[in-house]
Amino acid sequence: MSGKKKEENQQEMKTYIKGAGGSIVSKSILSGKSRLKWLFREECEHGNGWVAFGHTDTQEYVDNAENMSVVDFNTLANIEPAVVNVFFMPVGSDLEFCDDKTGKYFVDTKTGKEIREPVKHPAQIAFEKNLKFLNQESYPLDFFEMLFTESDRLSMVQAGEVDFPTGEVVLADPLSYLGTRYETVLGRRIPAGRYPVELSVCRSRVAGMRVAAAKLQISGRQAVRYEIAMAKGNEREDFGKPNVWTFFGVDAGLACFADVRTSKDFGLFIEKWERENPGKNKYVDYFGPLFRKSYEANPDLQSQEGNFLKWQLPETGQRIVLFSSGMGDGIFSGYWGLDEAGEIVSLVVPFMNPAYF
């Protein structure tokens, strides 16, 4: 093949899935002598595990390693784009490709089920289940206890302390809403003071290392029940009514507990920083490097971009802890942990149900 022709073919190659990895494909398919017929996924240390055979391939043909080639999955997708629909199916999948008057589709040889629509990434499936699970009025006590119990998948992290000079609590995404009118101020107050933040970090094969929940520990007493933390001006009896705010929004993938005074000072700090750094981004140019330093100090407990950051307002010295919010964007609710007397002992924000991940 001439250099010009090779270059044209490379230009025509479409990338359907970035980082798809290598797949084993019979040379009969790659040469165009055979059409895709069988596609299965096996456990593989290298590559994505997908193996493709053509409609003319015999057992003798595929048993000869010389007749098979390792190529990027996108190479196969450029020959038959329908394979993109099943890319995220699990190891053990065994599929037959069909092309008839009803269209192109796969049949699961184990179940006989036809697959005509794109199969979602396992993380997307878990994310959608998680969205439906979040922001309920209450959960069983053992759910909260599970979130903060060490296991093979969950690790507890003492992330730092937060100052509460007034005891009026704010829940917010620090880079999107803290210090603005869109933050969520809670109705119940806590005693003024300084309280530790504990994070429950989930190690998931599907989603990687994520913060499953965050806890503001207000006292050493035992919580015997939890109730949803209503926004200021609303009562628990208002839960579910139209226009009743019971959660806080996350756009930057971060969350925090803060005092209303700290929140105001944080807003002023950001305004000043942006004035003094025109054209710069508060995350990319200021907080991002700090998060990465946090990761370097605690690499076993965070992803490389950093999952939490102990930080102080430069002018006031007020402490705050910023942490990632589970899978990122979404809306989340806080829950007061209460003792037998109904007194507040903690404030918990669940981001993920680890069972889904």
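Modeller: A strand here is a DSSP run of E with at least two residues, and strands are numbered from the N terminus. The structure is a predicted model.

Biologist: Which residue in E6 does Asp99 stand opposite?

Modeller: Strands E5 (residues 94-100) and E6 (residues 103-108) run antiparallel and are joined by six bridges. The two strands form a hairpin with two residues between them. Within this pair, the residue of E6 that stands opposite Asp99 is Lys104.

Biologist: In the hairpin of E6 and E7, which residue takes a positive phi?

Modeller: E6 and E7 also run antiparallel, and two bridges join them. In one of these contacts, Val107 has Glu114 of E7 as its bridge partner. The hairpin has five residues between its strands, and the residue with a positive phi, near 80 degrees, is Gly112.

Biologist: How many residues apart in sequence are the parts that Arg189 and Glu168 tie together?

Modeller: The side chains of Arg189 and Glu168 meet in a salt bridge, with 3.3 Å from N to O. Because Arg189 belongs to strand E10 (residues 184-189) and Glu168 to strand E9 (residues 168-172), the parts tied together are separated in sequence by 21 residues.

Biologist: Is Lys232, which forms a salt bridge with Glu168, buried or exposed?

Modeller: The closest N and O atoms of Lys232 and Glu168 are 2.7 Å apart. Lys232 lies in the loop between strands E13 (225-228) and E14 (248-250) while Glu168 lies in E9, so this pair ties together parts that are 64 residues apart in sequence. Glu168 is buried, with a relative accessible area of 9%. For Lys232 the relative accessible area is 53%, and the cut-off for this class is over 50%, so Lys232 is exposed.

Biologist: What is the relative accessible area of Asp339?

Modeller: Asp339 forms a salt bridge with Arg221, and their closest N and O atoms are 2.6 Å apart. Arg221 lies in the loop between E12 (208-217) and E13 and Asp339 in the loop between E19 (335-338) and E20 (344-350), so the pair ties together parts that are 118 residues apart in sequence. Arg221 counts as partly exposed at 42% relative accessibility, whereas Asp339 is buried, with a relative accessible area of 8%.

Terms used: Residues numbered from 1 in each chain as written. Predicted model: local features only at pLDDT ≥ 70, side-chain atom pairs only at ≥ 80, totals over all residues. Heavy atoms only, no water. Pairing = 2+ DSSP bridges. Helix = DSSP H or I, 4+ residues; strand = E, 2+ residues; numbered from the N terminus. Salt bridge = Lys/Arg side-chain N within 4 Å of Asp/Glu carboxyl O. Buried < 20%, exposed > 50% of the residue type's maximum accessible area, 1.4 Å probe, protein only.
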